[in-house]
Amino acid sequence: MARELILYTTLGCTQCEKAKLEIWPPLSHFGLRLRELDIADDPELLERFGTRIPLVGLGDCDDVCAWPFDREQLATWLAARL
């Protein structure tokens with residue numbers, strides 16, 4: 001099973017759509033699959049990330065890569081963690 005890159009997002013987030021364009025190339029390079037997680041569905045995530053989305057992470061909410069990032073910055077962040 002492929003590891004997941006989590007995109008913390010919510011409905012109507014236009015910045016999240018822009019972030020996805022930067023996410024796709026590193027996903028395939030690192031053999032990851034994307035899982036979108038709507039922070040509105042989780043009160044704790046909403047409290048924690050409400051004004052900061054989009055963010056991506058590998059499952060540790062204390063270690064995320066925050067927007068704005070480009071594909072190279074994301075690849076560097078991922079390489080340090082995988």
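Close-up 1. Tyr-8 is buried, with a relative accessible area of 2%, where buried means under 20% relative accessible area, exposed over 50% and partly exposed in between, computed with a 1.4 Å probe on protein chains only. The model is predicted, so that local features need pLDDT of at least 70 and side-chain atom pairs count only at pLDDT 80 or more, while totals for chains, interfaces and linings use all residues. Residues are numbered from 1 along each chain as its sequence is written, and side-chain values use heavy atoms, with hydrogens and water left out. Rings of Phe, Tyr and Trp (its six-membered ring) are paired if their centres lie within 6.5 Å, and planes under 30 degrees apart count as stacked, over 60 as edge-to-face and the rest as tilted; by this rule there are 2 aromatic pairs. The pair of Tyr-8 and Phe-49 is tilted, because the ring centres are 5.0 Å apart and the planes stand at 50°. This pair links distant parts of the chain, 41 residues apart, with Tyr-8 in strand β1 (residues 4–9) and Phe-49 in helix α2 (residues 43–49); helices (H or I, at least four residues) and strands (E, at least two) are DSSP runs numbered from the N terminus. Phe-49 is likewise buried, at 0% relative accessibility.

Close-up 2. The rings of Trp-67 and Phe-69 form an edge-to-face pair, because their centres are 5.2 Å apart and their planes are at 80°. Trp-67 is partly exposed at 24% relative accessibility, whereas Phe-69 is buried at 5%. The peptide bond from Trp-67 to Pro-68 is cis, with omega near 5°, and Pro-68 lies in the loop between β4 (64–66) and α3.

**Close-up 3. The largest nonpolar core around Leu-74.** A nonpolar core is a set of buried Ala, Val, Leu, Ile, Met, Phe, Trp, Tyr and Cys residues joined through side-chain atoms within 4.5 Å. The largest one has 13 residues, of which Leu-5, Ile-23, Val-56, Phe-69 and Leu-74 touch the most other members. At least two residues of this core come from each of β1, α1 (14–30) and α3 (71–79). With contact taken as heavy atoms within 4.5 Å, and residues up to four places away in sequence not counted, Leu-74 touches Leu-5, Glu-22, Ile-23, Pro-26, Val-56, Cys-65 and Phe-69. Another core, of 10 residues, lies apart from the largest one and has Ile-6, Cys-13, Leu-55 and Val-64 among its residues.

**Close-up 4. The cis bond at Pro-54.** Ile-53 and Pro-54 are joined by a cis peptide bond with omega of about 5°. Pro-54 is found in the loop between α2 and β3 (55–57).
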